[in-house]
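Good morning, and thank you for making time for this presentation.

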Amino acid sequence: MNDRLIRACNRESVDRTPVWMMRQAGRYLKEYRDIRKKVGFLDLCKDTDLAAEVSLQPHRIVGVDAVIFFSDILIPVEAMGLHVELTDKGPELPNPIRSQADVDKLSVPDPAGTVPFVGSILSKLRSELKNEVPLIGFAGAPWTLASYMIEGGGSKSFAEIKGMAFREPRILHDLLSKIANTISAYLLFQIESGAQVVQLFDTWAGDLTRSDYEEFALPYTQQIFQAIGNRVPRILYINGCSTILESMARSGAEVLSIDWRIPIGEARKRVGDKLALQGNLDPCLLLGAKDRLLRNAADILKQAGPTGHIMNLGHGILPPTPVDNARAFIEFVKTYRHTQ
């Protein structure tokens, strides 16, 4: 088995740095686009065979060192009782949470009963992978999910959720607690179904000050990671994390996945050697010249060192990315060797 990713999560020695890409199953692949012509996004997330197929495509086509199961972070939000529409323009939640009554209507669902397809997809992937590479499960973190639930979709200012945080924090904490309980059960279900690593995406938490992050985001991440325990390695991703890196280090994660705005060598100095790091190539470099792409990849690998690093992007791969560039990036990391 290629278990380099799991070994790197645990800061064990590896012969080379493992590599995969966030959003690696997606629109940059023709094979994915061909399937999407026939089925809607939400339907694809719930179809065991098709979701397993698109999950495996990056492993077959570009040779990544891990497979992350195909889904969306809002799947458990729908299971909680909030209507979700997933469009090519992004998620839309037409009935956003704005009051205590709205929070009270939400349930903490049993994932085996409400999202059984998630377990089926993971089980099928474990069976088809035959331990060739590790299988990653994932979920959205409470702050990020609450952002979508309160804003009604994506946001640039996060005015609605921040307004609630600063005006009626008790309501927001009730919502965050409910989401944390939901995601704890959801990730445990994924692990029981075959996930060997889990990643928690708190994509929008980087928009918070450190004190607000520690009040409204960190405790709920800690709750989830505590519920999972040491069953599998835990990865925490935050976009724009440079101001809250030390707080992230107290989340309970074995791995901090960081964006491209901070040099990975600086991140290592700040968090120390007890945690592994994942990242942190700018996804837009995959849109440019290969020599520049590979120079930047080499710089990250050199700064990160041979132990406790998983090569990845600082955010999800972009739809216009040429497959040849994605493949060149993966192959370069696989052939890179650290000099003593």
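**Charge, core and backbone**

The chain carries 40 positive and 40 negative side chains, and the centres of these two sets are 5 Å apart. Please bear in mind throughout that the model is predicted.

Let me turn to the overall architecture. There are 17 helices and nine strands in the chain. The radius of gyration is 19 Å, close to the 20 Å given by the globule rule for 340 residues, so the chain is as compact as a globular protein of that length. The C-alpha trace spans about 60 × 45 × 35 Å along its principal axes. If we count contacts in the chain with a separation of 6 or more, 73% of them are between residues 24 or more positions apart.

As for the surface, the accessible area of the chain comes to about 13,500 Å². Carbon and sulfur atoms account for 49% of that area. Of the 340 residues, 59% count as buried.

That brings me to the interior. In soluble globular proteins, nonpolar side chains tend to be buried together. Here the largest nonpolar core has 130 residues, and those that touch the most other members are Met21, Met149, Leu172, Leu175, Tyr213 and Phe329. Which helix supplies the largest share of this core? It is helix α11, residues 169–193, with eleven residues. If we set aside residues up to four places away in sequence, Leu175 touches Ile97, Val103, Leu106, Ala146, Met149 and Ile150.

His315 is in the loop between β9 (309–310) and α17 (323–335). Thr203 is in the loop between β5 (197–201) and α12 (210–216). Are these residues buried or exposed? His315 has a relative accessibility of 15% and counts as buried, because the cut-off is under 20%. Thr203 is buried as well, with a relative accessible area of 11%.

Their contacts also connect them. Not counting residues up to four places away in sequence, His315 touches Met22, Arg23, Thr203, Tyr237, Asn239, Trp260 and Pro283. With its neighbours within four places likewise left aside, Thr203 is in contact with Thr144, Tyr237, Asn239 and His315.

Finally, the backbone. Most residues other than glycine have a negative phi, and most peptide bonds are trans. Which two residues are joined by a cis peptide bond in this model? They are Gly279 and Asn280, with omega about 0°. Asn280 is placed in the loop between β8 (276–278) and α16 (290–304).

Positive phi values deserve a mention too. Asn131, in the loop between α8 (116–129) and β4 (135–140), has a phi near 60°. Asn131 is partly exposed, at 32% relative accessible area. Phe158 has a positive phi near 55°, and lies in the loop between α9 (142–151) and α10 (159–167). Phe158, however, is buried, at 6% relative accessibility.

Thank you for your attention.

Key: Residues are numbered from 1 along each chain as its sequence is written. This is a predicted model: local features need pLDDT of at least 70, side-chain atom pairs count only at pLDDT 80 or more; totals for chains, interfaces and linings use all residues. Side-chain values use heavy atoms; hydrogens and water are left out. Helices (H or I, at least four residues) and strands (E, at least two) are DSSP runs, numbered from the N terminus. The radius of gyration is taken over C-alpha atoms; the globule rule is 2.2 Å times the number of residues to the power 0.38. Buried means under 20% relative accessible area, exposed over 50%, partly exposed in between (1.4 Å probe, protein chains only). Contact means heavy atoms within 4.5 Å. Accessible areas come from the Shrake-Rupley method with a 1.4 Å probe; for residues, only the protein chains shown count as cover. Lys and Arg count as positive and Asp and Glu as negative; His and the chain ends are not counted. The place of a charge is taken as NZ of Lys, CZ of Arg, CG of Asp or CD of Glu. A nonpolar core is a set of buried Ala, Val, Leu, Ile, Met, Phe, Trp, Tyr and Cys residues joined through side-chain atoms within 4.5 Å.
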